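Hi everyone, thanks for coming.

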Amino acid sequence: MALDSKTSNEAIQFKVVGTRPLRPDGIDKVTGRARFGADISAPGMLTGLVLRSPHAHAKIKSIDVSAAEAMEGVHAVVTRRDFPSLEPGSGTGDVLDNCMAGEKVLYDGHAVAAVAASSTHIARKALRAIKVEYERLDHVTDVDEAIKPGAPVLHPGRANESVPEGSSPNIMARYEFGHGDIEAGLAQADRVLERSYKTEATHQGYIEPHACLAQMGPDGQADLWCCTQGHYMVRNTCAEILGLAQGQLRVTASEIGGGFGGKTTVFLEPVALMLAKKSARPVKMVMSRSEVLRATGPTASSSVDVRIGMTKEGIITGAFAELRYQGGAYPGSPVDMGSMSAFAPYDLEHVKTVGWDIVTNRPKQAAYRAPGAPMAAFAVESAIDELAKGFGLDPLEVRLKNAAREGTRASYGPTYPAIGLEATLRKAKDHPHWSAPLGPNQGRGVACGFWFNFGGDTCVSLNVTPDGTVTVSEGNPDIGGSRASMSMMAAEELGIPYEKVRTIVADTGSLGQNEVTDGSRVTFAVGLATIKAARAAKAEMCKRAAMVWGIDAEAVEWKDGAAHPAGPNAGTHPPMTLAEIAAIASNTGGPIAGHCEANPEGAGVSFATHMVDTEVDPETGAVKILRYTVFQDAGKAVHPAYVEGQFQGGATQGIGWALNEEYIYGEDGILQNAGFLDYRIPVASDLPMIDTVILEIPNPGHPYGVRGVGETSIVPPLAAIANAVSEAAGVRMTDLPMSPPKVLKSIQNS
Amino acid sequence: MSKIHVTTKINGDPVEYLCEPDETLLDVLRDKLGMTGSKEGCGTGDCGACSVTVNGRLVCSCLVLGAEAEGTEIGTIEGMAQGEALHPLQQKFIEHAALQCGICTPGILVAAKSLLENNPDPTEEETRYWLAGNLCRCTGYDKIIRAVLDAAADMREAS
């Protein structure tokens with residue numbers, strides 16, 4: 001059969017892709033019927049609750065659970081002793097230690113025990129009856145303090161071989177990227193700017209707290225329902241932690257109420273399974289908001305030093321950055337990705353980044369939308385802006401002069417294929433926003449951002465039903481409309497209406513391994529697998545038609561939703577539609593399906609340029625966002641409304657990070673703002689409309705040219721807003737968040 | 001602890017339940033009555049995901065005790081559509097792609113319905129301030145505001 005093998009979307013006349021159909025889960029979600037993590041129950045279900053450390057750093061001397069266990073209505077109490085021992089220092093060992101502390105508690109909110117009881121009321125009483133004896137240790141919550149001599153040490157001897165001898169024992173790893181000779185590059189500059197920048201830890205802030213329902217039988221078969229970005233990851237991690245066979249643990253993903261990277265690991269799930277095992281009853285666990293903020297992954301806070309050299313014409317001659325990220329209580333801050341992405345938008349002869357992964361007495365960081373990149377971009381894009389303005393140059397023009405393009409060797413190693421950075425910059429220059437007038441105390445900022453985008457293990461099974469409708473089973477929780485996108489790509493490929501396809505997220509028993517919904521991978525990788533599954537089904541349907549017509553399958557082609565005879569010897573048979581072939585499938589060889597199992601490469605990097613106008617109140621330091629425009633390359637926007645939504649959502653999270661959000665620790669190492677009143681994310685009245693411009697520079701690695709779009713949009717806002725506020729306030733802002741007291745102080749000190 | 005007997009009306013249906021004195025209306029709705037459309041995002045009245053109306057007034061059901069519902073009329077997301085017919089706000093939210101994950105959607109719809117009952121022709125700014133108590137982390141609010149204003153325009157035309 002003949003298939004369209006073109007890889008450039010310019011050549012494809014899309015019928016479904018690029019339109020804006022209604023999402024299949026829309027009605028469930030506007031009527032309250034959709035079932036999220038906490039929305040399910042089971043007969044005989046118990047309530048599970050977690051006891052958490054009130055200290056930032058302490059040895060656990062003893063835990064006495066006898067009084068709790070003896071209480072009427074309490075069916076199980078677990079501590080770390082109930083879990084099999086895993087190799088300390090292994091990735092999963094750290095995950096277990098984070099879910100249930102071993103010898104030490106490492107941060108305020110660290111889990112130390114859990115109970116399952118017949119009511120929430122009794123479970124709360126049981127938590128109070130558990131006696132934990134702590135020996136308090138000194139703590140450190142600041143990234144720069146943590147590497148000073150004499151700082152409290154979290155994990156003696158855990159540093160990996162990349163860390164030079166004599167370094168602080170709180171440094172877990174060192175990374176280095178770049179090429180050329182940085183000092184030689186800087187020597188060619190008319191000015192070398194040296195600047196230090198800090199960002200605070202922010203939380204992903206999903207509105208749905210973590211929740212799960214676990215059941216386990218004495219035969220080792222277990223079922224788990226949970227809100228997660230990756231139920232296959234949950235299965236594998238929980239199986240390893242509990243010593244279960246992966247195939248015996250079936251995990252079903254609920255609807256997910258936001259994740260942004262924060263639901264790419266486990267917190268409650270292994271504990272709920274252990275409570276279910278011990279009690280022989282179903283156990284449901286739901287976190288409170290305070291638990292979410294105290295004990296689930298915020299992103300890293302950062303401290304970054306930059307040295308950038310520029311000629312007076314605006315050419316960057318050399319660029320260096322040293323990045324220190326604290327990833328909380330365990331190794332694994334995203335400083336590696338920060339170091340790789342810092343200068344990724346630029347074509348540089350001499351570039352180097354050094355990253356340090358540092359542990360502190362804070363919750364273990366989790367991925368947050370383009371993990372590690374926004375902080376690096378904040379530093380680099382602020383410095384470039386300051387240099388450009390110092391020379392009286394147009395900051396967009398300076399970025400255009402240095403922009404990476406096809407063939408550029410990226411600062412982190414690879415050579416770029418076709419990329420869209422230049423296109424976003426040109427579009428930004430031509431946009432009316434760029435030339436709109438500004439009033440007093442107002443400033444305009446721009447910044448660029450980059451994200452890698454990922455592929456990863458992916459399985460899709462596409463089934464043709466006897467009445468000619470199509471079901472697509474995929475294994476990635478739908479976090480922002482991806483079921484609609486999969487249905488659209490299947491419909492496009494098969495040549496049938498969107499409404500004829502229904503996509504579901506299958507449980508772990510139904511498909512092979514699927515990577516987590518992360519790295520902006522789903523529309524790319526699951527989309528690619530959906531297209532290939534559809535092509536396999538088309539090939540099978542062409543075969544069935546050939547059988548009916550008594551001709552070779554090679555003499556049949558698929559177009560417009562039907563098999564057609566093609567070629568000189570095919571004869572003149574009337575086309576057979578998908579529905580007609582499906583109706584007689586039983587007589588031509590049985591049910592028709594297509595599937596694809598893949599680990600696709602070629603995700604295609606993504607770039608964005610953001611433009612923002614701010615107004616600073618000189619009397620209070622308060623910043624108002626007046627206007628915001630996102631320019632981003634989507635490769636091909638499958639469902640443009642949801643692409644716009646990703647742009648707008650990422651920009652808004654960036655606005656929160658830049659202006660309001662921060663983890664505030666007291667001298668005692670206790671988180672002081674563990675609630676949505678004091679950890680303030682942007683609300684509707686803080687914001688203007690967020691304008692979006694979608695560019696489509698096809699990704700050669702995807703049949704329709706798709707690139708991931710979810711993460712890049714949070715990379716530029718920190719710097720774009722800082723550049724705008726610096727202009728409006730007349731003073732360079734280098735510390736986030738730019739909260740009113742901080743801005744006011746900067747104005748007063750200038 | 002002895003339980004309290006409550007007689008109330010939810011979305012027009014007569015309902016009776018027994019609740020603990022310290023149990024919130026949200027817990028009663030979700031755990032006792034199986035009405036899980038109202039969500040708990042914070043439990044402290046900061047996120048609005050549990051928005052319901054009590055005698056027509058918009059409240060966070062996590063800040064109301066189950067016992068306080070005695071003799072009142074409660075409105076929840078489950079009562080917003082009339083049979084198969086979606087409320088115009090519900091329809092516009094789907095059409096405008098005003099939801100991504102959808103966890104805040106029930107609360108925002110209940111709050112927006114309350115806005116339009118109080119003010120059928122709100123400005124963008126009035127809409128933004130009315131909904132400032134409903135957190136959404138996915139959308140940046142842009143499409144939510146557009147959906148509410150569009151629904152308001154349609155409802156004005158229809159009335």
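This is a predicted model: local features need pLDDT of at least 70, side-chain atom pairs count only at pLDDT 80 or more; totals for chains, interfaces and linings use all residues.

Residues are numbered from 1 along each chain as its sequence is written, and chains are lettered from A, ligands numbered from 1, in the order in which they are written.

Okay, chain A. The domain assignment gives domain 1 (9–34 + 455–598), domain 2 (46–137 + 209–256 + 263–295) and domain 3 (301–453 + 604–749); those bounds come from an automatic or database domain assignment. Taken over C-alpha atoms, the centres of domain 1 and domain 2 of chain A are separated by 40 Å. Their contact takes 14 residues from domain 1 of chain A and 14 residues from domain 2 of chain A. By contact I mean that the C-beta atoms of two residues, placed from the backbone, lie within 7 Å. On the domain 1 side, we have five nonpolar, six polar and three charged residues. Here Ala, Val, Leu, Ile, Met, Phe, Trp, Tyr, Cys and Pro count as nonpolar, Asp, Glu, Lys and Arg as charged, and the others, Gly among them, as polar.

The helices (H or I, at least four residues) and strands (E, at least two) are DSSP runs, numbered from the N terminus.

Staying in chain B, Ala97 sits in the loop between α2 (88–95) and α3 (105–118). B:Ala97 isn't a glycine, yet its phi is positive, near 55°. B:Tyr141, also not a glycine, has a positive phi of about 70°, and you'll find B:Tyr141 in the loop between α4 (124–130) and α5 (142–158) of chain B.

Are these two buried or exposed? B:Ala97 is buried, because 26 other C-beta atoms lie within 10 Å, and B:Tyr141 counts as buried with 30 C-beta neighbours inside 10 Å. The cut-offs: buried is 20 or more other C-beta atoms within 10 Å of a residue's own, exposed is 12 or fewer, and partly exposed is in between, with C-beta atoms placed from the backbone.

Finally, back in chain A, a cis peptide bond joins A:Leu736 and A:Pro737, with omega about -5°. A:Pro737 is in the loop between α18 (717–729) and α19 (740–749) of chain A.
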